[in-house]
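Please bring up the sequence and the model, and keep both in view while I talk.

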Amino acid sequence: MHVALYARYSTEKQNDGYSIEAQLDACHRRLKADGQPYDVTEYIDRAKSGTTIAGRTALMRLIGDAANGAVDQVMVYKFDRLGRNQAETATLIQDLEETGVRVVSATEGDDPLARGMHLVFAEHYRRQLSERTLAGNIKAAEAGRIGGGAAYGYRRRDDGELEPDPEQKELVLRVFHTYAEGWSYKGIARELNREGVPTERGGEWHASTISDILQNELYLGRLIFNQRMFYRDRKTGRRRYRWNPEDDWIVLQRPDLGIVPKDLFDAVQRRREKRSHNGPATHRSYALSGL
């Protein structure tokens with residue numbers, strides 16, 4: 001019997017304790033306990049997220065080998081190694097079983113009912129973890145601790161807390177004023193690059209960078225959580241998002257972090273809204289401007 005061992009280690013869950021070695025060791029011990037001779041092939045996806053199948057080259061190769069009749073049984077440490085979504089994992093298992101392949105977990109067995117329950121519990125755990133993470137971020141922000149990289153215009157104090165950067169603060173205000181006066185994203189970025197002004201990471205300015213600055217409400221002294229829900233398009237592998245209902249947004253007021261006056265911020269948002277309906281605006285007038 002030809003057995004395929006599949007193991008995946010995700011960069012998103014590096015603290016989950018499921019190292020590649022631990023997964024494979026559990027599978028080999030399970031096969032050894034069966035006391036039967038097996039022809040074993042290992043399929044390993046290292047540092048691969050479970051959110052898109054296309055990015056997991058080893059899994060795609062395994063599915064192809066199974067379809068060609070080269071695999072009799074697939075064994076994983078836990079069923080959620082196949083996919084971090086209940087529906088996707090169930091579909092993968094069903095597709096494999098329809099080719100005559102038996103799918104087994106070294107720790108969760110192969111009973112369909114038990115397998116379904118394990119997948120339900122795994123998804124429930126992921127949702128709880130996401131909710132706890134959001135709650136932890138909110139509590140930290142309320143206490144003055146804002147994680148992640150500092151947005152342009154801010155710096156970290158010695159105690160790790162965020163505060164406006166005196167020099168970058170002036171450039172943020174300049175970007176807002178310049179855009180309100182009629183400049184385009186590209187025009188502002190081009191001018192900053194011409195002047196040799198570095199970005200936060202020392203690179204060049206782009207239209208998308210300017211756009212991000214102009215819509216960041218942190219410059220108003222507002223922290224917004226749960227504004228968007230990010231997901232992965234499973235067909236393309238691209239990261240996308242959808243807006244949550246505004247009633248679900250969690251807004252914290254941090255006036256100590258405010259850089260841009262509200263009237264200026266609102267004026268910029270009105271122009272951005274108008275521009276999104278009328279096409280791109282430019283800071284100079286040409287015969288074909290906006291086309």
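This is a predicted model: local features need pLDDT of at least 70, side-chain atom pairs count only at pLDDT 80 or more; totals for chains, interfaces and linings use all residues.

Residues are numbered from 1 along each chain as its sequence is written, and side-chain values use heavy atoms, with hydrogens and water left out.

Let me begin with the chain as a whole. The protein chain has 8 helices and 10 strands, where helices (H or I, at least four residues) and strands (E, at least two) are DSSP runs numbered from the N terminus. Of its 291 residues, 38% are buried; buried here means under 20% relative accessible area, exposed means over 50%, and partly exposed is in between, with a 1.4 Å probe and protein chains only. Among the contacts in the protein chain with a separation of 6 or more, 65% are between residues 24 or more positions apart, a contact being heavy atoms within 4.5 Å. The accessible surface of the protein chain is about 17,100 Å², and carbon and sulfur atoms hold 49% of that; these areas come from the Shrake-Rupley method with a 1.4 Å probe, and for residues only the protein chains shown count as cover.

Now to the sheet. It is an open sheet of 4 strands in the order S2-S1-S3-S4, with parallel pairing, and two strands are said to pair if DSSP finds at least two bridges between them. Strand S2 (39-46) and strand S4 (102-105) stand at the edges with a single partner strand each, so one side of each has no neighbour in the sheet. From one strand to the next, the twist averages 20 degrees.

Helix H1 (residues 20-34) touches strand S1 (2-9), S2, S3 and S4, and its direction makes about 155 degrees with that of S1; axes are lines fitted to C-alpha atoms, for helices over the stretch in contact, and angles run from 0 to 180 degrees between N-to-C directions. Helix H2 (residues 57-67) touches S1, S2 and S3, at about 145 degrees to the direction of S2. Met60 lies in helix H2 and, at 41% relative accessibility, is partly exposed.

Let us turn to the aromatic rings. The whole structure holds 5 aromatic pairs; rings of Phe, Tyr and Trp (its six-membered ring) pair if their centres lie within 6.5 Å, and planes under 30 degrees apart count as stacked, over 60 as edge-to-face and the rest as tilted. Tyr152 and Trp205 have ring centres 5.2 Å apart and planes at 75 degrees, so they are edge-to-face. This pair links distant parts of the chain, 53 residues apart, with Tyr152 in the loop between helix H4 (112-142) and strand S5 (154-156) and Trp205 in the loop between helix H6 (185-194) and helix H7 (207-214). Both Tyr152 and Trp205 are buried.

Tyr179 and Tyr185, by contrast, are stacked, at 5.3 Å centre to centre with 20 degrees between the planes. Tyr179 is buried at 0% relative accessibility, and Tyr185 is buried at 13%. The charged end of Arg271 sits over the ring of Tyr179, 4.3 Å from its centre, which requires NZ of Lys or CZ of Arg within 6 Å of the ring centre and within 35 degrees of the ring normal.

Finally, look at Val268 in helix H8 (residues 262-278). Val268 is buried, with a relative accessible area of 0%, and, leaving aside neighbours within four places in sequence, is in contact with Phe176, Tyr179, Ala180 and Leu214.
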